Amino acid sequence: MSAISSFVNQQVQVILYDGRVIVGKLMGFDVRANIILADSVEREFSEDEGVEMVPLGLYMIKGDNVAMIGEIDTDKDATIDYSSIRAPPLNDIRF
């Protein structure tokens, strides 16, 4: 849990067990890894079209759904043209 504390007030990318990718500013978390993101968007990947950014706003994610969380380099992320990226969506993560 202490690793997550360094991400508070930073832009993070969260990958959920169902394959969704959520990006937002980490506002807080608890001992169960429930997290709160501000100004969040879901990045929907497609093989036919560019990445669609679906605005979510303030968003809470239950810790049981979080597969991975990591800090985003906002300078590098700003240089990426997501409308030109073609990629299949992630599959569900299964144990």
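Strands, like helices, are DSSP runs here: a strand is a run of E with at least two residues, a helix is a run of H or I with at least four, and both are numbered from the N terminus. With that in hand, select lysine 25, which is found in strand S2. Before you go on, know that this is a predicted model, where local features need pLDDT of at least 70, side-chain atom pairs count only at pLDDT 80 or more, and totals for chains, interfaces and linings use all residues. Residues are numbered from 1 along each chain as its sequence is written, and side-chain values use heavy atoms, with hydrogens and water left out.

**Stop 1**

Lysine 25 and alanine 38 are 13 residues apart in sequence, yet their C-alpha atoms are 5.1 Å apart in space.

**Stop 2: the whole sheet**

Zoom out and colour the strands. You're looking at an open sheet of five strands in the order S4-S3-S2-S1-S5, with antiparallel pairing. Two strands pair if DSSP finds at least two bridges between them. Strand S4 (52–61) and strand S5 (66–71) are the edge strands, each pairing on one side only. On average, neighbouring strands of this sheet are turned by 25 degrees against each other, direction ignored. For such angles, axes are lines fitted to C-alpha atoms (for helices over the stretch in contact), and angles run from 0 to 180 degrees between N-to-C directions.

Walk across the sheet pair by pair:

- S1 and S2 run antiparallel and are joined by five bridges. Their hairpin has four residues between the strands, and glycine 19 there takes a positive phi near 95 degrees.
- S2 (residues 21–29) pairs with S3 (residues 35–44) in the antiparallel sense over six bridges. Select glycine 28 to find its partner isoleucine 36, or isoleucine 22 to find glutamate 42. In this hairpin, with five residues between the strands, alanine 33 has a positive phi near 65 degrees.
- S3 and S4 are antiparallel too, over eight bridges. Isoleucine 35 stands opposite isoleucine 61 in S4.

What holds paired strands together in general? Strands of a sheet pair through backbone hydrogen bonds, either parallel or antiparallel.

**Stop 3: the nonpolar core**

Next, select Ile4, Phe7, Val12, Val14, Leu16, Ile22, Leu26, Ile35, Leu37, Ile61, Val66 and Ile69: these 12 residues form the largest nonpolar core. S1 (11–16), S2, S3 and S5 are the elements that give two or more residues to this core. Which strand gives the most? That's S1, with three residues. A nonpolar core is a set of buried Ala, Val, Leu, Ile, Met, Phe, Trp, Tyr and Cys residues joined through side-chain atoms within 4.5 Å.

**Stop 4: a nonpolar patch outside**

Switch to a surface view and pick Met27, Ile36, Leu58 and Met60. They form a nonpolar patch on the surface, with about 420 Å² of accessible area together. Methionine 27, found in strand S2, is partly exposed at 39% relative accessible area. Patches are made of residues with over 30% relative accessible area and no salt bridge; like charges are joined within 9 Å, and nonpolar side chains (Val, Leu, Ile, Met, Phe, Trp, Tyr) within 5 Å. Accessible areas come from the Shrake-Rupley method with a 1.4 Å probe, and for residues only the protein chains shown count as cover.

**Stop 5: salt bridges**

How many salt bridges does the structure hold? Three. To count, a side-chain nitrogen of Lys or Arg must be within 4 Å of a carboxyl oxygen of Asp or Glu.

- Select arginine 43 and aspartate 77, whose side chains meet at 2.9 Å, N to O. The pair links distant parts of the chain, with arginine 43 in strand S3 and aspartate 77 in helix H2 (residues 74–78), 34 residues apart. Arginine 43 is buried at 7%, and aspartate 77 is buried at 19%.
- Select aspartate 18 and arginine 20, which also meet at 2.9 Å, N to O. Aspartate 18 is partly exposed at 36%, and so is arginine 20 at 29%.
- Finish with aspartate 64 and lysine 62, whose closest N and O atoms are 3.9 Å apart. Aspartate 64 is exposed, at 57%.

Definitions and conventions
Buried < 20%, exposed > 50% of the residue type's maximum accessible area, 1.4 Å probe, protein only.
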